[in-house]
Amino acid sequence: MFKRIMVPVDLAHADKLDKALDAASGLAKLYGASLCYVGVTTALPSSVAHGEADFTAKLTQFAEARSNDDGVGIEVKTAVSHDPVRDLDDVLGRTVGEIGADLVVMASHVPTFTDHIFASNAGYLASHTPVSVFIVR
């Protein structure tokens with residue numbers, strides 16, 4: 001049913017991704033799909049990494065640790081944006097097509113007042129990409 005599952009990963013909040021990562025891993029095992037962890041960063045230093053190469057190394061290390069735990073092979077993709085906060089929806093939407101994903105599994109957060117005014121990242125992907133989006137809270 002699914003061949004390539006994209007999992008957006010925010011390394012700044014990696015400790016809150018376990019349920020979404022477990023769901024993605026379970027679906028990958030069930031359908032024999034591959035996983036691709038996608039991280040969006042800036043080329044400039046941030047609180048997570050000193051630049052794109054450092055971010056990719058940290059994302060790869062994160063994926064390797066999960067791969068050993070889950071028994072599912074995982075690839076990584078780093079997407080670079082000038083302003084990841086503003087461009088996140090567009091970058092993730094573009095990446096769906098670039099990697100050939102047919103499912104996105106992503107973590108959500110508890111909705112706040114602003115979520116009723118502004119669309120969530122998952123909501124944007126579900127509305128603007130041709131693939132299914134599984135949101136894990």
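Reply: A residue is called exposed when its relative accessible area is over 50%, buried when that area is under 20%, and partly exposed in between. The model discussed here is predicted. By the rule that a side-chain nitrogen of Lys or Arg lies within 4 Å of a carboxyl oxygen of Asp or Glu, the count comes to 7 salt bridges.

One of these joins the side chains of D18 and R66, with 3.6 Å from N to O. This pair links distant parts of the chain, since D18 belongs to helix 1 (residues 18-31) and R66 to helix 2 (residues 52-70), 48 residues apart. D18 has a relative accessible area of 42%, so D18 is partly exposed. R66 has a relative accessible area of 9%, which is under 20%, and R66 is therefore buried. The pair also belongs to a network of salt bridges that links D18, D22 and R66.

A salt bridge also forms between K77 and E98, whose closest N and O atoms are 3.5 Å apart. Here too distant parts of the chain are linked: K77 lies in strand 3 (residues 74-80) and E98 in helix 3 (residues 84-99), 21 residues apart. K77 counts as partly exposed because its relative accessibility is 27%.

D83 and R86 form a further salt bridge, with 3.9 Å between the closest N and O atoms. D83, at 33% relative accessibility, counts as partly exposed. R86 reaches 63% relative accessibility, which is over 50%, so R86 counts as exposed.

How values were computed: Residues numbered from 1 in each chain as written. Predicted model: local features only at pLDDT ≥ 70, side-chain atom pairs only at ≥ 80, totals over all residues. Heavy atoms only, no water. Helix = DSSP H or I, 4+ residues; strand = E, 2+ residues; numbered from the N terminus. Buried < 20%, exposed > 50% of the residue type's maximum accessible area, 1.4 Å probe, protein only.
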